[in-house]
Amino acid sequence: AWFAWRALRAAMQPGTLATAPGSGMGWRQALATALGFSLLNPHVYLDTVLLLGSVGAQHPWPARGAFGLGAITASFLWFFSLAGAAHALAPWFARPAFWRAIDLITALVMATLAAGLASGALGG
């Protein structure tokens, strides 16, 4: 419910992701930031070691290599597609109306989840 309220408040005061000209970072700083976000993120290790490792260990030995290669390929495709989509959608992200729509959808989803959780907790 709190996240729904915050998203609804944000929808009433939308912003953009536009940056000021010349405020970009150099490639070294961008690389260091990306490495920091990825290597210092505990979910990276939970997902990679525990989740993928436990699923991959269920396969017989020759299939484990194919499973690992498939996981690596899917990861590369996912993240490069995500970066390409972000680049393609950058003009949309510069529009306050776009952020208002995202915030309203987020508020609706969060309110629906909160109501579902509350009704389940109340025995409804």
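In which helix do F76 and F80 lie, and how many residues apart are they? Both belong to helix α4 (residues 61–93) and are four residues apart, about one turn of the helix; helices are DSSP runs of H or I with at least four residues, numbered from the N terminus. The model is predicted, so local features need pLDDT of at least 70 and side-chain atom pairs count only at pLDDT 80 or more, while totals for chains, interfaces and linings use all residues. Residues are numbered from 1 along each chain as its sequence is written, and side-chain values use heavy atoms, without hydrogens or water.

Five aromatic pairs are found in a search of the whole structure (rings of Phe, Tyr and Trp, the last by its six-membered ring, with centres within 6.5 Å; stacked under 30 degrees between planes, edge-to-face over 60, tilted for the rest). One of them, F76 with F80, is tilted, at 5.9 Å centre to centre and 45° between the planes. Both F76 and F80 are exposed (over 50% relative accessible area; buried is under 20% and partly exposed in between, with a 1.4 Å probe and protein chains only).

F98 and W99 pair edge-to-face, with 6.4 Å between centres and 85° between planes. F98 is partly exposed, its relative accessible area being 22%. W92, F93, F98 and W99 make up one aromatic cluster. R95 lies over the face of W92, 4.5 Å from the ring centre (NZ of Lys or CZ of Arg within 6 Å of the centre and within 35 degrees of the ring normal).

Note on methods:
Helix = DSSP H or I, 4+ residues; strand = E, 2+ residues; numbered from the N terminus.
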